[in-house]
Amino acid sequence: VGVLTLAERYSQQFRGTETNWRKLMIAPTGEHHQGLMDMASASSVVTDSSAASSSWGCGHRINNGSVNIAPDGTPLEPILVTAMKHGWAGGLVSTATITHATPAGFLAQSNKRDDEEGIAKQYLERGIQVYLGGGSRFFDPAHRADKQDLFMGFRNNGYAVVRSRDELLNQKGDKPLFGTFAESHMPYTVDHVNNPALLAGVPTLAEMTAAALSRLESAADHFILQVEGAKIDHAAHVNDAPGLVRDQIAFDDAIGVALRFQARNPDTLLIVTTDHGNSNPGLFGQGDAYGDSDKLFSKVGRMTRSYSAISGDWNANMSVPDLTSLIHGGTGIELSVKEVAMVLEAIRSHGPNPYTYQNAAIPTLASILANHTAVSWGGTSHTGDYVTLTAQ
């Protein structure tokens, strides 16, 4: 819920309009349904992505770390496999590697969510109509352990294989569609839109969603498409406020594409939800009578780099002035010598692992910047909170 609130405030401040998600949630009664979902896995009250996605995919709680495998080892059929058996088309879209836990939960089966090379091979074998996202290395013979060329495999199976934004947007015809646009995960939106090379070469989530819907609409009378704004989760893990907010807005743009499709095809069911909470970000009161909160939060909207991108340019041997300049260049905020020294100490002491240490380098930067942005965090990992679901 904190993510939705931050995105709504950003949209009002910088776009002059409310988000599509808010429009869905406040639609007149009878036009939509809302609920709260308990996403606990079979092995923990706090789910990981593979168990959560698999619960959507197969209808059962499974252990963290598995993909559509029951706790007793029984394979469970995911929804896109079921759909194909009934003549439906299917698609997966994600800003993560397309073989990552959430898209995999709708199509694959694996004891290990991290076996993305194996999941990639299952994708080729199961052959739904659309795959769009990151993760080219899991299909590339130069990177795969078995040296198999899965790109050629998709081509041989009749797919149009695209590797850039231009190729995606200019792709014509009715072939099944396979596209990967990054070796690993796709870039954060705030970095994407402020980098001309990324802007030219990498499609947005909304563009991938539109391409997927267009292809699926012509493929069959019925289809299921899963669209994931994955970088929201990645940003939450490292307490990256500009990464989080701008990727939620990018996901909201994809909702807009889906709503426009639904307006033309009113028998379409649209479900908007998430697989778990993460790190509990929030917009907190600052200043006298909390009067500084709006002004401080606006700094997040003007940032031009994610905290993660900034961290890619720092190192343990940097001077305080150089690190001050680096942070200022990406955030527009000039930290004090004392504040920067704390970040530098975290860089030198804890390294880049945000999943273990709340005082790792990027979360340390985030906690210091919270004094300047009014955005604070509860942690660096998934939460056991119920999640929102809206359906129309």
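Helices (H or I, at least four residues) and strands (E, at least two) are DSSP runs, numbered from the N terminus. I'm working with a predicted model, where local features need pLDDT of at least 70, side-chain atom pairs count only at pLDDT 80 or more, and totals for chains, interfaces and linings use all residues. Residues are numbered from 1 along each chain as its sequence is written, and side-chain values use heavy atoms, with hydrogens and water left out.

Entry one: S44. I found S44 in the loop between β1 (33–37) and α3 (49–58). Its relative accessible area is 27%, so I logged S44 as partly exposed (buried is under 20%, exposed over 50%, partly exposed in between; 1.4 Å probe, protein chains only).

Entry two: rings. My search of the whole structure gave 13 aromatic pairs (Phe, Tyr or six-membered Trp rings with centres within 6.5 Å; planes under 30 degrees apart are stacked, over 60 edge-to-face, the rest tilted). Y131 and Y159 have ring centres 6.2 Å apart and planes at 40°, so I noted a tilted pair. Y131 sits in strand β3 (residues 130–134) and Y159 in the loop between α7 (150–156) and β4 (160–162), so this pair ties together parts 28 residues apart in sequence. Y131 and Y159 are both buried.

Y131 also pairs with F178, again tilted, at 6.0 Å centre to centre and 55° between planes. F178 is in strand β5 (residues 177–180), 47 residues from Y131, and F178 is buried too.
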